[in-house]
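Morning, everyone. Please have the sequence and the structure open while I talk.

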Amino acid sequence: MKNRVREINAAFRKYGFGKLLTRTLKEKILPSKDEEYNILLDPDLPVNLRLMFQELGTSFIKLGQLLSTRPDMVGERIATEFEKLQDDNPPISYEEVKRIVESELNGNIDDLFSEFSEKSLATASIAQVHIARLISGEKVAVKVQKEGIADTLEYDIAIMKHFVAKIHKHNEEFRKYNLPGMIDEFEYSMNIELDFTNEIINMKRFEKNFSEDETIHIPIAYSDYSTSKVLTMEFIDGTTLHDVYESDNESFDKPLLAKRAVDSFMKQVLIDGFFHADPHAGNLIILDDNVVCYIDLGSVGILDDDFRKDLCDLLMLIADKDVNGLIHQFMYMGVLKYDMNTTNLKRDFRDLLFRYFAEGSHGLNETLTKLLDLMQDYGVILPNEFVSMARGISMILLD
């Protein structure tokens with residue numbers, strides 16, 4: 001662990017963050033000449049953070065990718081920059097894949113599958129996907145978790161906790177960001193993502209929720225060929241929604257597809273209380289007859305009945321441009337304190353609603369995006385469920 005701590009410490013210093021880790025008694029009594037310098041205002045801060053996270057590898061890349069979805073916590077500049085982070089994803093060899101599959105499924109790969117591609121279809125930092133065919137004939141995609149990745153993440157998260165505790169202790173200006181809370185959320189997210197049985201449960205619940213809707217398809221999960229480290233699911237052969245919008249193919253009914261995507265996501269949020277947390281256009285596959293298929297169902301948001309009711313009220317207030325009602329609703333939800341001076345916030349809410357919210361779906365998209373920015377400016381941390389929902393709606397409407 002000492003070598004990894006030194007490596008991370010060196011990266012902090014290389015990219016100009018060394019002073020965040022310690023503040024000596026001498027520095028407190030005799031401030032340096034650049035004491036007025038505020039790293040939070042440095043225009044290069046987002047880029048330097050991204051470069052440092054990229055250099056430090058998988059764990060920090062995954063953390064950055066999570067924070068790219070939380071502009072309310074890190075600000076729009078950093079969140080946008082973190083969207084550029086690329087998975088540290090060298091593929092593992094077929095021999096390793098074969099060994100993991102056989103160990104997890106307790107059998108010979110040739111007895112489990114009639115075909116199994118030696119070349120991966122896709123690879124990411126945590127897992128890679130291979131096309132295969134079951135003995136019974138179904139074409140499937142098999143996601144295989146890379147060996148040792150769970151240990152690496154656990155190891156690095158422990159070090160992250162150590163570093164953010166130092167930053168939190170020595171840098172008052174960073175305390176409003178609740179860095180320890182960020183790492184706790186990251187740890188929880190990674191524990192969910194690393195256990196593939198969670199994705200199987202999600203797939204089956206989505207399949208049940210849309211069982212009576214022939215316009216929405218959820219991939220079949222093959223539980224008998226899956227474990228916490230191997231996930232076997234129906235192979236989906238279609239066109240991503242992103243590519244559909246770029247295509248001139250007249251067989252795609254783009255207005256109909258847009259309606260089905262929006263309607264299905266709003267059903268997830270407002271009726272089911274169980275929604276895809278990352279519904280970007282690459283995770284929506286268009287099948288024959290303009291059927292929409294949701295893939296990559298490992299990350300979901302869950303809303304209880306009370307929160308869904310509060311959310312419906314909130315969206316109605318936004319649609320009505322009711323500034324006072326919006327502030328009272330946020331107070332009722334515990335997002336804002338009742339004793340807060342809301343004079344400036346009312347002004348900013350009024351400006352936001354009348355500037356961005358217009359007729360049509362893109363008005364709601366812009367409003368939710370700017371609302372997250374505004375709350376971050378006021379140091380307000382929104383519930384994770386609200387941020388995931390707002391981000392999902394923004395992605396669906398934007399696409």
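Let's start with helix H1. Four of its residues are buried: Arg4, Ile8, Ala11 and Phe12. Why do I group them? Looking down the axis of H1, the buried residues fall within an arc of 105°, so they line one face of the helix. One caution before I go on: this is a predicted model.

What do the buried residues of H1 pack against? Three helices: H3, residues 45-56; H4, residues 58-67; and H9, residues 149-170. Keep H9 in mind, please.

Next, the dimensions of H1. The helix runs over residues 2-14, which makes 13 residues. From first C-alpha to last it reaches 18 Å, close to the 18 Å expected at 1.5 Å a residue. After H1 comes Gly16, with a positive phi near 90°.

Back to H9. Take Ile159, which is found in this helix. Is Ile159 buried or exposed? Its relative accessibility is 2%, and the cut-off for buried is under 20%, so Ile159 counts as buried. Now pair Ile159 with Lys2. In sequence they are 157 residues apart. In space, the C-alpha to C-alpha distance is 9.7 Å.

On to the nonpolar cores. The largest has 102 residues. Which of them touch the most other members? Met52, Tyr294, Phe330, Leu336, Phe349, Met375 and Phe386. And which element gives the most to this core? H9 does, with 8 residues.

Pick out Phe330 from that group. Leave aside residues up to four places away in sequence. Phe330 then touches Leu314, Val335, Leu336, Phe349, Leu371, Met375 and Leu382.

Last topic: cavities. How many of 30 Å³ or more does a search of the whole structure find? The search finds 1. The volume of the largest cavity is about 50 Å³. Its lining is made up of Asp72, Met73, Lys176, Tyr177, Gln376, Gly379 and Ile381.

Conventions
Residues are numbered from 1 along each chain as its sequence is written. This is a predicted model: local features need pLDDT of at least 70, side-chain atom pairs count only at pLDDT 80 or more; totals for chains, interfaces and linings use all residues. Side-chain values use heavy atoms; hydrogens and water are left out. Helices (H or I, at least four residues) and strands (E, at least two) are DSSP runs, numbered from the N terminus. The expected span of a helix is 1.5 Å times one less than its number of residues. Buried means under 20% relative accessible area, exposed over 50%, partly exposed in between (1.4 Å probe, protein chains only). The arc is that of the directions from the helix axis to the C-beta atoms. Contact means heavy atoms within 4.5 Å. A nonpolar core is a set of buried Ala, Val, Leu, Ile, Met, Phe, Trp, Tyr and Cys residues joined through side-chain atoms within 4.5 Å. On a 1 Å grid over the protein atoms alone, a cavity is a set of points where a 1.4 Å probe fits but cannot get out, and a pocket is an open set with protein on both sides within 12 Å along at least five of seven lines; lining residues have an atom within 4 Å of a point. Grid points are joined across faces, edges and corners, and a volume is the space filled by probe spheres set on the points.
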